[in-house]
Amino acid sequence: MSLGSARSGSQSVTASGVTSRSAYNQSKSVDNASRINVSRETPAQAAPIYAATSDDGSPIARQLVSETRRRERLLGRGLPKPTKTRIMTVANQKGGVGKTTTTVNIAAALASAGLQVLVVDIDPQGNASTALGVEHHADVDSIYDVLINDFPLADVVAPCPDIANLICAPATIHLAGAEIELVSLVAREQRLRRALDTYSEHREKSGEARLDYIFIDCPPSLGLLTVNAFCAANEVLIPIQCEYYALEGLSQLLKNIEMIQKHLNAALEVSTILLTMYDGRTNLAAQVAADVREHFPDQVLKAVVPRSVRISEAPSYQQTVMTYDPSSTGALSYLEAATEIAER
């Protein structure tokens, strides 16, 4: 696979008849301002499957037309409730592919549509807890206490302050040592599954609504924490960054999932693959997307998540992009992905 050359368009401001240096500088400042204003969500980031046609040749105009049409397709569209709780492990052994970002934003999109959603954060970094605005300092009871000390999950979960129907089991720094502590415990691979089953029974007995979705955010490794997530789930959601190294990581991940299916959880299946960090200005991104779709035609979502400043900014405000900037391209892409998942 060869790396395609990236081309980027530029905007310029011209002023005919301007001869003075001050006027020239003023024109240049206007040019710079216009570039800054459009750099937040560049038109080249739009996913190719939603490309719009417009008589206006401006990239910004095409982007606006495309997003308007995409929003119109989602307007007033209710999401169906699953017949039973769908437990999805979000995993990829490669780091930096958007696992946590995908987990919290799809969970937020589904919860915003009125579905009952739980996010289980088993990554010691606790980034999912941060994005959902849930406290996860060392003194907080967390998923570590559930896995190691047999705390009930009901005593650990906390509501997301920005989105109704969305709760989170936070991760703390103590989870970093859980890999070693789990080794000596009985049924070490099944502890998260049992905790989720017990929590579902607790909700039923207390008259709470049944959970529609449970998303488990994993660390970028195949240790006992990730094995627990695979054993607890019936579906795997794999975010894939649109770069070459991501394809190599996917191959190894699928082999590990086959081992889990064979020995620990026969019901587990790779149901969903989401392409993330897509940059339409590069041939490489388009080639990686095409390769993944060719090999996994039934699993890959039509929605593609672009590189987006807004998506990256949201966690610094302890929010998902769905609440931080719901009008952004990133929020729209995750809403489309959540809709596809719900309608499958």
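**Close-up views of a predicted model**

Tyr324, with a relative accessibility of 21%, counts as partly exposed (buried means under 20% relative accessible area, exposed over 50%, and partly exposed in between, using a 1.4 Å probe and protein chains only). This is a predicted model, in which local features need pLDDT of at least 70 and side-chain atom pairs count only at pLDDT 80 or more, while totals for chains, interfaces and linings use all residues. Residues are numbered from 1 along each chain as its sequence is written, and side-chain values use heavy atoms, leaving out hydrogens and water.

**View 1. Aromatic rings in pairs.** There are two aromatic pairs (rings of Phe, Tyr and Trp, the last by its six-membered ring, with centres within 6.5 Å; planes under 30 degrees apart are stacked, over 60 edge-to-face, the rest tilted). Tyr213 and Phe215 make a stacked pair, 5.9 Å from centre to centre with 10° between the planes. Each of these residues, Tyr213 and Phe215, is buried. Why is the pair of Tyr317 and Tyr324 stacked? Their ring centres are 5.0 Å apart and their planes meet at 20°, so the pair counts as stacked. Tyr317 is exposed, at 52% relative accessible area.

View 2. Look for Asp121 in strand S2, residues 117-121 (strands are DSSP runs of E with at least two residues, helices of H or I with at least four, numbered from the N terminus). Asp121 is buried but has no salt bridge, and the nearest side chain of opposite charge, Lys99, is 11 Å away (a salt bridge puts a side-chain nitrogen of Lys or Arg within 4 Å of a carboxyl oxygen of Asp or Glu). A polar atom of the Asp121 side chain does lie 3.2 Å from the backbone nitrogen of Asp123. Beyond its neighbours within four places in sequence, Asp121 is in contact with residues including Asn127, Ile143, Pro170, Leu175 and Asp217 (contact means heavy atoms within 4.5 Å).

**View 3. Arg310 and its partners.** Arg310 sits in helix H11, which covers residues 309-313. Which side chains does Arg310 reach by polar contact? One is Glu313, at 3.1 Å, and another is Asp325, at 2.9 Å. Ala331 is 21 residues from Arg310 in sequence, with 8.5 Å between their C-alpha atoms.

**View 4. Stepping back to the chain.** Here are 13 helices and eight strands. Of the chain's 344 residues, 49% are buried. Among contacts between residues at least 6 apart in sequence, 77% join residues at least 24 apart.

Technical notes. Lys, Arg positive; Asp, Glu negative; His and termini not counted. Polar contact = N/O pair within 3.5 Å; in protein donor to acceptor, adjacent residues only side chain to side chain.
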